[in-house]
Amino acid sequence: MDEEPIPDQHAAWDPTTAWGEAGDWSGVNSADTWGEPGTTRRIAIDGRDENEEVRWFDPAVRALRPGPGVLPPLLADMLHDPDHALHSVSTQPRTPSTTPHVPTADEVRTAIPHPNAYYCREHNGWVFLQWRSSTVLPPLVKEPDHPLPDQARRRRTTSCIGDGEQPFGPSNLTHHWHRYEKAVDASKLNPPYTHGELHLDLYLCCQCSMYCLVSDVIPGVIPAALVDEFTRDKLSHPALDKTPRATVIAGWETILTIIDNRLWRDEKRSLPVGRARFRNKVGWSDVVRRVFETIGFPLEDLQQGENSTELALSPPPIDPSTPEGRASRTTLLRAWVEISAWLAIYQKSKEQLGEYRCMDLHVKAESERDMYQTGIGAHVSQISRGKLPAALQGYAPLEESWRVLGMTPSTYSWELLAFAYLAQCRCDPANTMVYFTHLWMIVNTMIQLGQNVPQELQTLIVEERSRFRFTPDDLQEAAKILGFGRDGELGVELDDEVDDDFIVQAWRSARQRAWQNPADATSRRAKLNEALRLVAEHRGSEKLLKAWNDEKGSGMSPETAYSTLEVPKEVDETMLLTVYSMRVEDQPSQAERMREALSVIAEVTNSERLRKFLATGQDPGDSTVSNISPDMPRGLNQLGNTCYLNSLLQYFYTIKDLRAAIISIAQADSKTLDDSKFTDDDLKRHRVGGRLVTRREVIRSKKFVNLLADLFFNMEYCENPSITPEIELAKLALVTTQDEEEDDNDKAGTDSSNDTDATLVDDMAPRPTYDRATSSPLQSPTESVLGKRSRDGDSSMDIDTAAPVSSPSERVEAAAKNTPSPPAANMQDATDLINDAVASSSKLSPAESPADVEMKDETQSNKAPPLPPRRTRTTDDSVMMFGRQHDVSECMDNCMFQIETALLDFQGKETSDDDKTSPIKRLFYGKKRQRLTSLSPKDDAGHQSSIHEKEDLFSHLHVNVADEGFDLYDGLARYFDDVVELGGEKKRMEVSLVDLPPLLQIQLQRVQFNRETQQAYKSQAYVKFGETIYMDRFLDSADPTKKARSKEIQAELSAARDRVHKLTQGKHAPFAPALKNVAEFLSGQKVLDLAPDDDLVSSLRNEEALVTEQLRVERERTVQLKQQLEDIWKDDTSAAYELTSVFIHRGSSPSWGHYFFYSRNLPNNPDAWFKYNDSDVTAVSKDEVLADTTGSTANPYMLVFVRKGTDAIETVHRFNPETVEDA
C-alpha cells in the first residue's frame, strides 16, 4: 500500500458532525484562505495570552483572571430594570417663612438619600449609581470572591472609549465589566451614605480605570405596592368631574398638600376622614388609611361635643428638638420628595387630563438614562443597534448564549460578538469551551435559519476550530470515536471513573485496528487523534496530551514504515532498534522520518518497549521494568469483551492445587489427542455436572486445559507485565459445546460465509507463544484487541443469574404461579422448585442435577435426562468476537466443566458427582441439605408425607442484594431460611450446610426487577463484609438451641427492618418529612385564602412526632437485635474462612460494564492485595478492597473465602531466576 498523504489536521474534524442537521457550512473558507489578518487580529482587544488560550485547561498556566464579564449594554440592563427609567431629583427654593419648625434648605436637600441616588417611579425607590474613572479603587468591605483585574493594566488607560483617551486608536472595542457583589460600603464613600447600612455592587472594567457602583433598590417611604394599589384604585374609580388620570394626580396632590401644610405651615389640626371635602379629594378606604399610616398620620377618634366622635387623621410631631419630631420630619420630607418626584414624572404626559390643572411642584425629576448609559459605554451613539437579522430577534433558544457571552442581542454586530467571545476567553480561560459552544450556537443558528452570516464570523469559527475548540456534542462524538458509550466497542461510558491509562490503551487499540481497513485508515486515525486531543483537553490531562503528542504520528502506513527502515515485518525488537540506530547515524537528515516509521511500527505491534525507547531514547530491554519483580503477578491483555474472562483466569491461577493439576495433565499436544484411548463404555461410567459427557466434549476440554496450561506457564515465566491469552482459549471458555453444536446445525446446508470478529483477528499476524519445552521463555505478546461485550435482548447482568427475579422465594413463587398443577402433583413440583430456588450457581437445570441426590419416583425411567431447552438468541457478528457469549457465572461453569472433564481418568473406576478425587469437586464443592416444611396447620398429613429432605452439592452461595444497610451475614441468613409459596400454601424453605468446601464462593445477586417499570436494573447497594467470615451458624450440625433462638431474633430483626423500610422507602414514603412539610405549609402559607385549621396542623405535627419516634425506636431495636444475633454465635468460630478474592463490576446497567478483581497476597503477605484490571496489576491497600461503595457503580459481585488453615491459595507464583543462580 502506498503511503497516503498527510491529512490537514484542521480539516480532519467535521464542524457539523456534532450538531446533527446543522446549517450548510460548505461555503465556509478555511482559515488559511482569508489572508492576513484573520478575524481575531481585526478585533480591537488587548491583554490576551496565546499560551493561556491554547492551554486553557491547565491551571498552572492560567494567570489570575477576573472571570466572566459583560459588555456595557448588558451592564445597563443589570444596573436596573431596563423597562424603568432612573431620574435625578432636585428641589426648588421655597419662600422664606416665619412658621415654627419649617424645614431648612439643608434638610430638604438631604431628604434625597445621596447625590448619586436616582429615583425610580415604578419602584417608588432609589438606586445608588456612580461611575467614574480612577486609578484608586473604592474601599472594599471583603475579600473578593474571584480575583480583581490586573490593576497595573487598568491604570494605563483612563477609559476604553472616548476621543483623546487613546491617541493611537482604541486598544479595545468597548468596556468589559466584571461584577463584585456587595463589595463596597456606601458609608465609606465621599460623600458617605448616611441613611443606614448599604452595600454596593462594584463593576470594574478590566481594560481601563473605569468603575461603576450600584445598589439594589432603596425602598421609599410608601411601599411601591401600596402606591400602585392607590393609583389603580383612583384609575378604576374616577371622580365625576375628572378623568381617571386626573383623579390619580388629584389624590396624590392632596396627600402632598397635607404633608406640605404640616411641614411648612405647621398645620396641627386633625383631618376628619368622613367629611365630604376629604372624601371628594382623597376618598376613604383601607388603602388610603395605610398610605397615611405609612407617612405618620395615625387614625384616631376625634371628640365632637360631649357625646359624639368621628374618625380623623392625627398629624405627627415635627419638633426637631425631640427624637419623635426629628424622626417624623425625616419621614415626611422623604415622602414629600418622593411623591413630588412621582407626580413630576407622571405629569409629563399631559394627555387624558381634561380640564384639570396640576399644582406647581417644588421638585424636578429628569431622566438620566442617556447620561448613565453614556457613562458606562452603552449609549446608542457608542454601540449601535438594529443589526441583528430579523429571524433572530426574540429567538428564545439563543437567550442563554447571548447572556453567557455577556451581551444583548439588540446590540449585535459581528465585531461586538467576536469581541465578547474573545474577551470572555481572555478573562475566564477555564470556560473557553463553554464560550465557544455559545458562539457556535449563534453562528450555526444563523446558517440554519438561512441568514447571511458575515464572513468574519465564519472565519472566526474556523480559526477557533484550528485551535482545537470544541462543543459538548463534539466531546460526545469524540468519546464515541474512541469506542466509549453503551453501544461503543468498549461498552463503558467515558466518565470520571475511567482513568487516563484506560483511555490511552483504547486509543492505541483503535488506531491499531484502523489498519485492518487500509482504504480509510488514514482518515480514521486522524479522527482518533483529534478525539484523544479533545478528551485530553476536556479532562486537563497531561498524560493524555503527552501520549497524543508523542504518538499521534502522521499518515505513514505500516508498509511504508517497514520499507523506510528497510526491515522485514518479522524482525524482532532488538534487531529493529539496532537497525534504527544505524539508519539514523548514517542518514541524520532523515532522522525525523525514521522516527516516524519507528513510531508507526510501535503502534502496529503495540510494543511498550518501542514506545519507551521513543519517549526516553533508552532501550528498556526485553521486558517492562515496572513489573518484572518476581513478587508481582502478570496481567492479561484484553482480546475484546473479555475483561470478566481475564478476571476468572487470574483467579484460577491463584488456586494452588488447580494450577498444579492443569499443568500436570497438559503435556499432550491438544492437536494430536487420540480419542481411541477411551470407549463409549468408558464415557458411560463417568458423569460431570449430573450428566454423561460426549466424546466431542472430552476432546474439546482437553484442548481447553492444554491452552490454559500454556497461559499458566507464561504467567509463571513471562517477564513482560502482561500476557495475551490465545484467542482459541477465550473461545473455548466463552462458548459452550452446545452453542457450537447449535451453530454447526445452523451452518449446515448453507455456503454463505460466517466470518466473525474472531476470524478477522485470526487473520492478523500470528502471535509468538512460549514453548514449555524450552529452557528459557521467549518474549510474550502484548497486543490487544479492544472489543465490546455482547448485549443480548435479555436483561440479565453479565455477573449474576440470568433470571431477573429478586430472591429465591420470588423465583419459587413465580414458578408456582405460572404453572398451575393438580394437588397430587404439587409435591413433585416442590421438589423441582427446590432445585431452582437454592441450586448452586452452576445453573444446571433440574434435569442436569446429580442423579444420586435427585428426588423422583421409583417408577421413573433411569435413562439420561435430556438437555434443557435454551432460549433463542440472535447473534450479531459485528459486535461479538466469539459468536454467542454468556454471563460470568455461565463462563465460570463452562471453564470448571471443561477442567473437570479433562481431568477424568477413563482407565480408573467409575466416578460420580460426589467423588472428591476431582480437584474441581474437592476445591469448590460442598454439600447442603434443604427441605420444605409447611407453615399452615391446614396442611393434611398426606400432603406433608410427600415432602422429602434433599441433599445437593453446591459451588456457590447466593446473596440477594436489594436494600441498603445489610451485611453479609444478613444476606446469607435469608438464603438459609426463607418463606416460599407453593400451590397457594406458604412453605418454609430451610437450607443447612453438611460439608464445607475449601473455597467458599458467595455470589452477590445484584440484578433486581422493578415490577412497576417491568425492567431489570442493577442494585448498587453496599453489602458490608470483612476479612473473615464464620459459617458455624449455618452448619447442619450447629447447636439446635442456638439455631432456634437465632431464628426467632432474625424474624424480629426482619420485621423491624421491614417497618423502617416502609416508613422511609416504601410507597409514598418518607412519611415524617411529608407530614412536617404539610403542617408548615398550612400554618405559614398566604397564597391561598384558607380558613386556619389549628386542629389539623396540630394533628399533623403530632403524627410527625409519632412517626419520628417510631423510626427511632425501630432503628434502635434493629441495632439491639443484630447485636443479640451476633452474641449468640460469637464463640462459634471453628468454621472460619478468610477473604481471598473480590470480583468487581463497574457500571450502572445490569447488562454491560467493566470487570476487574482483587486478590489477597496469600499466604506470604495477607495484609497486601493486588488489583487485576486486565493488563494492569497493581498493589492496593486492604482499605480499598473493604471500602464502603455507597454512591459508586463499582461494586462486588462475587466474594471468595478460603477455609482457614487450608493451603489452597498461592497468589504470586512466579519463576525467580535468582533462586536458580543461588542453587
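How many residues lie between strand 5 and strand 6 in their hairpin? In this predicted model, the hairpin formed by strand 5 and strand 6 has 4 residues between the two strands.

**Strand 6 and its pairing**

- Strand 6 covers residues 210-214 and is mostly covered, with 5 of its 5 residues buried.
- The burial concerns both faces of strand 6: M210, C212 and V214 are buried on one side, and Y211 and L213 are buried on the other.
- Strand 5 (residues 199-205) pairs with strand 6 in the antiparallel sense through 4 bridges; within this pairing, L204 has Y211 of strand 6 as its bridge partner.
- The bridge partner of L129 in strand 6 is V214.

**Helix 6: length and faces**

- Helix 6 comprises 13 residues (residues 224-236), which at 1.5 Å a residue should span 18 Å; the end C-alpha atoms of helix 6 are 18 Å apart, in agreement with that expectation.
- The buried residues of helix 6 are L226, V227, F230, T231 and K234.
- Viewed down the axis of helix 6, these buried residues fall within an arc of 135°, and therefore they line one face of the helix.
- An α-helix has 3.6 residues a turn, so residues three or four places apart point the same way.
- A225 and R232 are exposed on the other side of helix 6.

**Helix 6: packing**

- The buried residues of helix 6 pack against helix 7 (244-264), helix 9 (286-294) and helix 10 (323-346).

Note on methods. Residues are numbered from 1 along each chain as its sequence is written. This is a predicted model: local features need pLDDT of at least 70, side-chain atom pairs count only at pLDDT 80 or more; totals for chains, interfaces and linings use all residues. Side-chain values use heavy atoms; hydrogens and water are left out. The expected span of a helix is 1.5 Å times one less than its number of residues. Buried means under 20% relative accessible area, exposed over 50%, partly exposed in between (1.4 Å probe, protein chains only). The arc is that of the directions from the helix axis to the C-beta atoms. Contact means heavy atoms within 4.5 Å. Two strands pair if DSSP finds at least two bridges between them.
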